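Open the model in your viewer and keep the sequence panel beside it. We will go from stop to stop, selecting as we go.

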Amino acid sequence: MKLYYAKIDPLFKKDLFSVPTGWLEQKRLDVVRKRKKEKARAQSLAAGLLLHAGLCDYLQLPVEETPPFQTACGKWGKPYLTEYPGVYFNLSHSGEYVCCAIAEEEVGVDIQQHQGQMEGIAKRFFTKADNQMLEDCSEAERRERFFRIWSIRESYIKFTGRGMGQGLDTFAIDFSGKTVVEQGRTVAYFQEDRKMEGYSLCVCTGHKKLQAVWNLTDIFQRSPSVQRGIRDQL
């Protein structure tokens with residue numbers, strides 16, 4: 001399982017309505033063009049570019065020569081690859097970053113910037129145990145713990161594919177075992193990366209043996225071919 005991330009800064013101040021990139025399927029371009037806010041357009045475009053670059057890296061395919069990967073949506077709207085049934089992916093964005101998880105089985109990923117109000121969200125969407133944990137934290141620890149809980153919960157409902165319809169408070173988090181528990185039964189395993197200052201990043205899978213390889217070097221900058229391809233196509 002590999003995870004990739006990229007900053008969206010290089011995509012700001014571009015004429016995103018005229019992006020003729022050959023890396024993205026048409027439905028992604030349609031979404032980009034419909035976004036009214038510049039940041040939302042940049043996030044959607046960056047997510048699509050990162051998915052293409054990440055899949056090419058994962059599958060060992062040439063970035064420039066590989067046509068757009070085609071996707072469809074499952075029962076609850078979770079996208080999947082139509083031509084690679086044994087490869088799964090998930091995308092997330094927050095603040096200045098987009099991230100992508102790619103694995104050989106179902107996967108959910110979430111990134112959360114440490115920004116915004118916490119209390120209302122915690123009381124409305126978190127469990128009593130979560131809220132008690134936040135109350136027991138020191139002021140300095142509370143903010144980071146809140147966003148860790150949020151990213152774990154989001155990554156799990158994205159892993160199952162059911163999204164917010166499942167509810168963020170319908171399962172428990174076991175921090176010691178790094179598991180997600182429903183009705184007393186372990187249903188998923190999560191892994192966190194806490195090195196990115198000001199962000200919480202979590203990936204969730206169905207098996208403990210599936211270890212994450214965190215590619216937290218900007219893939220757009222790391223690969224000359226990727227960087228050149230983005231520049232040429234924008």
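This is a predicted model: local features need pLDDT of at least 70, side-chain atom pairs count only at pLDDT 80 or more; totals for chains, interfaces and linings use all residues.

Where does Gln60 lie? You will find Gln60 in the loop between α2 and β2 (71-73). Its phi is positive, about 60 degrees, although Gln60 is not a glycine. Most residues other than glycine have a negative phi. Now show the surface. Gln60 is exposed, with a relative accessible area of 71%.

Next, select Gln183. This residue sits in the loop between β8 (179-182) and β9 (185-193). Gln183 is not a glycine either, yet its phi is positive, about 50 degrees. Is Gln183 buried or exposed? Gln183 is exposed: its relative accessible area is 86%.

Now leave the loops and go to the cores. Select Leu55, Val98 and Ile102. These three have the most contacts inside the largest nonpolar core, which has 25 residues. Color β1 (2-7), α1 (26-34), α2 (38-59), β4 (88-94) and β5 (97-103). Each of them supplies at least two residues of this core. Which element gives the most to this core? The answer is α2, with nine residues.

Stay with Ile102 and show its contacts. Leave out residues up to four places away in sequence. Ile102 then touches Met1, Lys2, Tyr4, Gly54, Leu55, Tyr58, Val87, Tyr88 and Phe89.

For the last stop, select Trp150, Phe159, Leu168 and Val187. They are among the 22 residues of a second, separate core.

Technical notes:
Residues are numbered from 1 along each chain as its sequence is written. Side-chain values use heavy atoms; hydrogens and water are left out. A nonpolar core is a set of buried Ala, Val, Leu, Ile, Met, Phe, Trp, Tyr and Cys residues joined through side-chain atoms within 4.5 Å. Buried means under 20% relative accessible area, exposed over 50%, partly exposed in between (1.4 Å probe, protein chains only). Helices (H or I, at least four residues) and strands (E, at least two) are DSSP runs, numbered from the N terminus. Contact means heavy atoms within 4.5 Å.
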